[in-house]
Each structure stands twice: as C-alpha cells, then as structure tokens.
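Hi everyone, thanks for coming. Let me put the structure up and walk you through a few parts of it.

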Amino acid sequence: MKIRSEGGCRSRNYIDELSDDLLLLILYRLPGLLATHCKAVCKRWSSLISDPSFMQRSIRHHYHNHNHHQFDNDKYHLNFLYQYRKDVIWHLQSIPSFADVKPLLCSFKLVHIPKHSDNWYVLTADIFCYESGKWSQRRVFTRRILNSLSWSDSLVAYRGILHWVNCDQTIFACDPLKKPWRLNVIDTPADGKEISIGVCRGKLQMSQLQLDTLNPFADNSAKAVSLSVWELEDYDAGKWRLEHMVYLKDMVSVNSEDYLRMIKDARKPLDPVKMVKLLAFHPHDVDIVYLIFLKWLVVSCNLQARTLQGSRVQLSKNEDCCSLPCGNFCSIVHSWRPTPVSPLSFKHEK
Amino acid sequence: MASSSSSSSCSSSSEKKITLKSSDGEALNVEKNVALEFEPAKGFLEDNSEEADDEAIVVPLPNVSAAVLSELIPYVKQRLELSAKPVQKKLIKAFDDQFTRHLSDDKLGELMLAANYLGVNYLLDVLCDVTADRIKNKSVEYVREFLGIQNDFTPEEEAELRAQCPWAFEGVDQD
C-alpha cells in the first residue's frame, strides 16, 4: 500500500469540518458496496452509513442521476419490509413491498415499477443493483391491457415472483429479474372487482367481497356483503378451490362491539363493499383473514367459526386511508408450530 | 471567446462591481451578477439595497479566504456565461471536469466548504462527485489517508465491523 508522504503535514483537515449533511452528499454517491465498507473508516462514518435512511436516500440519489422519471417516494422503508426473495426488494409506486431483512442489508436489488406507463400494453420495471449503484430498465409487452393505476389493490410475492390482480380479474405474474422477462396470466373464478390476493400455508389465496343483491338485507349495510376465499390448489394448472363463502350478516362478534351496526351507523354510508376491505390473509391459518371496516377498524375474521374480533390496534379515524392497499400491511406472526429446530447431527464413530 | 462575449454582451447591471472582503481581509472586485451567485452576498446586497452606489458596498465573507475566492470567482463567472447560452450539458460537464481535474485534495475540501457556505450548489454537486470518485474502490486505509481521518475504532471494534461483511473488503484497489 502506498501512503502519501505529505499526509502528516496536512494544514487543515477539511473532512471533519464538513457538516453531516455535506458528508452524506459524498457518501450517497458511493456505490452501495463501497458505502458498506466505508463504515470501517471511523465512528462518525459508521453511524451515518448505518442509519436506516441512508440506503433509501442513496438509492434516490442514484435514481435522479439516472435520468429516469421522478422517483420521489418517501413512503417506502427498506428497513421494514417483509421477505420476498433472498436478494430482491420489490418497490412499486407508493407500495413498500418486499425486501430482504438481513440485519445487514448490503447487497440487494430493488425493483421499481413506475405507476404511469405510457403504453397500456407495456410493463416497465426499473431495477437497481445496490452493489454497483446502477439502475437499468426492462420492459415487457403483453396483449392484455394493464391497469397501470391499480397496483395498490393487491400485490403479492409468491414463489419468488410478483403477483398482482389486473383490471380484467386475472392475476398477472412476472419476475423482472429473469431473462427473458415474461408475463404469466392466471385466470380466476372471480367475477367482480374487490379482489385481493395473498399467501397462506404456502399457497396463493384470493378473496372477493361482493354485494349480494338477492339478499333481503341488501340495504345500505355491510350485512349484504359476502366474502369468498379461494386457494390456488394447483399453481401450474391454475386450479382454484373455494375454501370459504360467508355473509357478513352471519358473522358473530366475539367482543361486545357490534361491528356491522357500526358500519350501518357510519355517518356517510358508502357503497357497502367499499366499507369493508380485505387487509391480509393469515400466513398459516386459512380460516382467518383480516378485514378493515370503515377504513380504520381492523377486524380479525374467522371464516370457519364465523366470528369477528376487533384488533386493539385501530387506525386513526381522521387518517385518510382511502387508498390503503393491502400491500401496505405485513402479517407478522410467531413461527408456526412446530418451531423450526435445526436437526440434530448424529455422529457415528467408526 | 469567453472574454469577448462578457465584455460586449453583458447588460449594464452585470458590469457593476461589488467588493467582497475575504476572511483574511483582502478586498476582491467582482461583477454584481457573480456576487449574486453567493448566497451570503446576495442577502447582504438585498439588505443594503437602499445604498445608491454599489461600488461603495463591501460584502464581508468571513468564512472564505482570498485564495479560495480567487479560484471560485472565475469558475462562477464562466459557468454563468455557459449556462446563459443554449449549450449542451456535455459542454458544462467538460468545463466542470477541466476545473476539478487539477484540484489537489486539500483544495477540493476547501472549495467544498466554501461552496457550501456560499450556497453555490452546482459547484458543490461537482465537488461531491469528484470526492466520491477519488475514494471509489479504495481500501478503508486509503480513504482515511486521503481524507485525513483519524481511525477512532479500537482494533477489536474494527475487526468486528470487517467480520460483519467480509466480502465488502475484497477486491478494492490497494493504492
């Protein structure tokens, strides 16, 4: 290693005079891998680079210099995303989607699918490689019309592939990191809007909320809403199995709250289907789904026992949750029993 | 070419001279449009706009030395002329490259502090790019030496940091 001889007689150490903001301007410019190793330079650098917001702002910096359309989203947090694939983070406009949650998130790819596509038949993905600090773009053409605006509806990573519900009630599946980039289409038995997808027991699940017009309760209340849940039994053959079909009117509240009553008493009655939304599927129990009532009340719904149970967590009533997509929620549960235990290694001595 | 255009096409307001006073007490005469690029000078001139005679105004810049100012002023002047014309970004980049290529590491730091203090963001951007470029793909030791940073880790702490992501320390240039 060559050490410069004049190093000792430096008149002024300017880097220590730089404010944190100024120093960060330099650090954001380093490719991700190098920024990680610069943690070892000194304590100050280490704390700046270890800050959870560092990576986010660094990615944004690289993006702006990449001359792509605006990447101005503050809503995603790389330090709190759930696992999708070992080294890939999906980021779709306004949706914090999937990430690797290794404690040291230092090597990963981020996929950003811009909300607005110029062409309805073209899907664009911007891919960021943190290691090299470079963005690249990929496009895929499809014969179907893509709903460029409803990414927020339902979005799931399954088998390492991104799945979402398209406007024609089919599920699109693609992996922009795989070459050639292909878009697969899974047909669904659903015949309305309000479709959500999720993963339970390692299978793709789909739910649909529907207003039953034949039902006598078909007034402006949530009672007339039916909830159906399907499981994709055979992924390759696209074979669905109906798991549950319940009416909200048949559901019983476990605690003393009468949720349906609350919906009915809501000041501004909306479209009944819009008052209830599916938030998430339980990751292990196919009987349990999480609904959100009136845009602020989170309710756990047991489809087998037909019970409703409000969660202690309530979203602020004032908060504008109109655009709350289920992708914004992660189901965090303890490991399902039996708890994974590393196998005992038996050593047979010869 | 640049000098002829500045003398012939500049409006009368830009020909007005302002005096900047550096940290080491030196007085430098600059065109008013150049002085307006410096945030503290701009603020000072706005506050003292009732003064009829610009020539009489002396703007104190207590954080910048005369040596740094005399590097900055020609840069800002030429950059202003460039951006006034419908030139390609490439040309501006080439100009920036030319300006930064021969800067010593110390000068780079001094200019960065000055650009930050004076609010010349386009120069700050360029200087940050150059600094990042110079430490790209270098070892931690090089970065410390290059920027004159004291290693304040204990050997144990440093070893632990390096052990967390050993691959990050592979394949760097050792010079």
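**A walk through chain B**

Okay, starting at the N terminus, the elements of chain B go α-α-β-β-α-α-β-α-α-α-α-α-α. In total that's ten helices and three strands, taken as DSSP runs numbered from the N terminus (helices H or I, at least four residues; strands E, at least two).

Some housekeeping: this is a predicted model, where local features need pLDDT of at least 70 and side-chain atom pairs count only at pLDDT 80 or more, while totals for chains, interfaces and linings use all residues. Residues are numbered from 1 along each chain as its sequence is written, chains are lettered from A and ligands numbered from 1 in the order written, and side-chain values use heavy atoms, without hydrogens and water.

Now, the aromatics. Rings of Phe, Tyr and Trp (its six-membered ring) pair if their centres lie within 6.5 Å, and planes under 30 degrees apart count as stacked, over 60 as edge-to-face and the rest as tilted. That gives four aromatic pairs over all chains. Take Tyr75(B) and Phe95(B): their ring centres are 5.3 Å apart and the planes sit at 10°, so they're stacked. Tyr75(B) is in helix 5 and Phe95(B) is in helix 6, 20 residues apart. Tyr75(B) is buried at 2% relative accessibility, and Phe95(B) is buried at 12%; buried means under 20% relative accessible area, exposed over 50%, partly exposed in between (1.4 Å probe, protein chains only). Together with Phe99(B), they form one aromatic cluster.

Tyr142(B) and Phe146(B) are stacked too, 5.8 Å centre to centre with 20° between the planes. Both lie in helix 9, about one turn apart.
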